[in-house]
Amino acid sequence: MNHHDRRTAGFKERTRLADARETLLAAVTPHERTERLPLGEADGRALADPAVAPADVPGYDRAAMDGFAVRASDTFGASGRSPNVLRVADESVAPGEAVRVHTGSDLPDGADAVVMVEDTERFDDELEVFDALAEGENVGERGEDVREGDALFDVGHELRPSDLGLLRSVGIEEVTVFERPRVAIVPTGEELVESDPGPGEVIETNGLTVSRLVERWGGDATYRDIVVDDADLLREAVEFDLDHDVIVTTGGSSVGERDLIPEVVSEMGEILVHGVALKPGHPVALGVVQDTPVVMLPGYPVACVVNAFQFLRPALKAVGSLPMRPFPTVEATLTRKIPSSPGTRTFARVRLDESGDEPTAEPTRTSGSGILSSVALADGWVEVPEKKEGYEEGETVSVAGWEWSA
């Protein structure tokens, strides 16, 4: 479709959301850049090498309870009415002896069980034992937590704080991880200003919002200055950031006279998708220039955020070899109807109330893609599939959160 036809036709044919996302991801190639980091700096990073345990944890048999290390055979027949009497020793455990131990203590030589302190009574060097033990009872065996050679985490695993603790416990202090994917964010539009807007001007917010989302999603964001609606300047901006893994533009993605970025990307590379059947935000465009994916987000703030979640997030995760986890959801009852048009995937903003016995979701808006407060003041969104004509009041729906960062 040429320049004139594109503007005349508008978006009569819109790509289904799932198909558009699949098309974009097919054009994404994971980068292979890695770096070596100390554990303290590796939280949230994706492993580039598998993590294998170099040692057992624990590296010794240990007491699992406070009490006395004993030979289990020396406790056979012991009971509350008829205790067995052992001699308290200092280090190793010979037949008929017991050694005082604490939780986590190295199990003394000769011992094979630990009797809990509450099941004993001590009289100087004599210990009455009121419980019969089996061999290994109240003992943590060497390697009980991790065995040497155990595969702990695979390539691509996103490290969490508990993972870092496990790695340190086996003696690993540094890991090789993929570098954060580099994402350039370029806000565009004649009407945008940084502050003090006059008539017809708007303070730039999309670039700020998207750059912070990129950081939350594990990327390294480069937040560029505003570029006005000029084809040559837009071309220069895209060319300048082709060394990044993903380029994101905000604004100018539709089919109006000032919506130039799809045409610029088409001339420089290829437009994969222009116009998606989702609401809000159907005038999104997806392209590739010199193997660099370009995600062209709409200028209306809500449409921009919705499309960032649906396209930029999966592209960033794919290029950075980061896991794409499903959104956590809360089941809630709708307090009002959510309308939707068949054939369009609708994202309705809602406010959650979890103070009662059952959570409820109050729709704030399904339309109004320029009302940024409808996102900032909402707790999440309800996704209406293409085949449904909305949800009725009283229906149970799944609410996903805007601010989830994984």
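Analyst: Glu97 and Arg87 form a salt bridge in this predicted model, with their closest N and O atoms 2.1 Å apart. A salt bridge here is a side-chain nitrogen of Lys or Arg within 4 Å of a carboxyl oxygen of Asp or Glu. The pair links distant parts of the chain, as Glu97 belongs to strand β6 (residues 97-101) and Arg87 to strand β5 (residues 84-89), 10 residues apart. Strands (E, at least two residues) are DSSP runs, numbered from the N terminus. Glu97 is buried at 11% relative accessibility, whereas Arg87 is partly exposed at 44%. Buried means under 20% relative accessible area, exposed over 50%, and partly exposed in between (1.4 Å probe, protein chains only).

The model is predicted: local features need pLDDT of at least 70, side-chain atom pairs count only at pLDDT 80 or more, and totals for chains, interfaces and linings use all residues. Residues are numbered from 1 along each chain as its sequence is written, and side-chain values use heavy atoms, with hydrogens and water left out.

By the salt-bridge rule the count is 19. Another of these joins Arg45 to Glu35, with 2.4 Å between the closest N and O atoms. Arg45 sits in the loop between β1 (34-38) and β2 (51-52) and Glu35 in strand β1, so the pair ties together parts 10 residues apart in sequence. Arg45 is buried at 7% relative accessibility, while Glu35 is partly exposed at 28%.

Finally, salt bridges link Arg33, Glu179 and Asp245 in a network.

Definitions and conventions
Helices (H or I, at least four residues) and strands (E, at least two) are DSSP runs, numbered from the N terminus.
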